[in-house]
Amino acid sequence: AVVSTQSTGERAIENLKWLAKLNNSSLDAIDLELTDREQIPEEQATFIQSLKDFWVYKELAIQTLCQMWLWIVSGFVYYGFSFSWGSLSSNMYIGYLMAAVGEVIAYILMVPMLD
């Protein structure tokens with residue numbers, strides 16, 4: 001693995017060990033190669049190189065496409081419900097009250113689900 005850092009190498013390794021401990025995984029510091037950002041060639045940071053990574057790392061491409069699809073679907077579902085709350089009930093105010101209760105529940109459940 002290559003670690004790009006602007007600080008000292010020891011500090012970067014300490015940060016990586018802390019992150020590994022936080023994620024309940026192990027870190028093999030022997031295989032790490034520390035480089036400064038100034039030493040990374042410009043062509044490596046280009047958009048084309050990022051697209052090539054999708055071909056090299058198939059799991060990255062699959063996860064990215066799944067996330068894109070989920071964002072689109074959840075956006076359509078949310079706005080679909082937002083524009084049709086009034087038609088869920090015969091009384092428009094009851095429909096919007098149900099929408100408000102649903103949003104409050106969603107806001108409460110969102111924080112634990114992010115972890």
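## Overall layout

Of the 115 residues in this protein, 10% count as buried. The model is predicted. Its chain forms four helices and two strands.

Helix α3 covers 58–83, and helix α4 covers 92–114.

## The largest pocket

The largest pocket holds about 380 Å³ of space. How is such a space found? Rolling a probe the size of a water molecule over the atoms shows where empty space is left.

The lining of the largest pocket is made of 13 residues. Five of them lie nearest its centre: Tyr78, Gly102, Glu103, Ala106 and Tyr107. Which helices supply the lining with at least two residues each? Both α3 and α4 do. The largest share comes from α4, with seven residues.

What classes of residue make up this lining? Nine are nonpolar, three are polar and one is charged.

Val101 sits in helix α4. Its relative accessible area is 46%, so Val101 is partly exposed. Leu88 lies elsewhere, in the loop between α3 and α4. Leu88 is partly exposed because its relative accessibility is 46%. For both residues, the value falls between the 20% limit for buried and the 50% limit for exposed.

Ser82 belongs to helix α3. Is Ser82 buried or partly exposed? With 22% relative accessibility, Ser82 counts as partly exposed. Buried would require a value under 20%.

Ser82 and Tyr96 are 14 residues apart along the chain. Their C-alpha atoms are separated by 9.1 Å.

Where does Asn24 lie? Asn24 is in the loop between α1 and β2. Helix α1 spans 9–22, and strand β2 spans 33–36.

Asn24 is not a glycine, yet its phi is positive, at about 55°. Is Asn24 buried or exposed? Its relative accessible area is 75%, so Asn24 is exposed. The cut-off for exposed is over 50%.

Terms used. Residues numbered from 1 in each chain as written. Predicted model: local features only at pLDDT ≥ 70, side-chain atom pairs only at ≥ 80, totals over all residues. Heavy atoms only, no water. 1 Å grid on protein atoms, 1.4 Å probe; cavity = no way out; pocket = protein on both sides within 12 Å on 5 of 7 lines; lining within 4 Å. Points joined across faces, edges and corners; volume = space filled by probe spheres on them. Nonpolar A, V, L, I, M, F, W, Y, C, P; charged D, E, K, R; others polar. Buried < 20%, exposed > 50% of the residue type's maximum accessible area, 1.4 Å probe, protein only.
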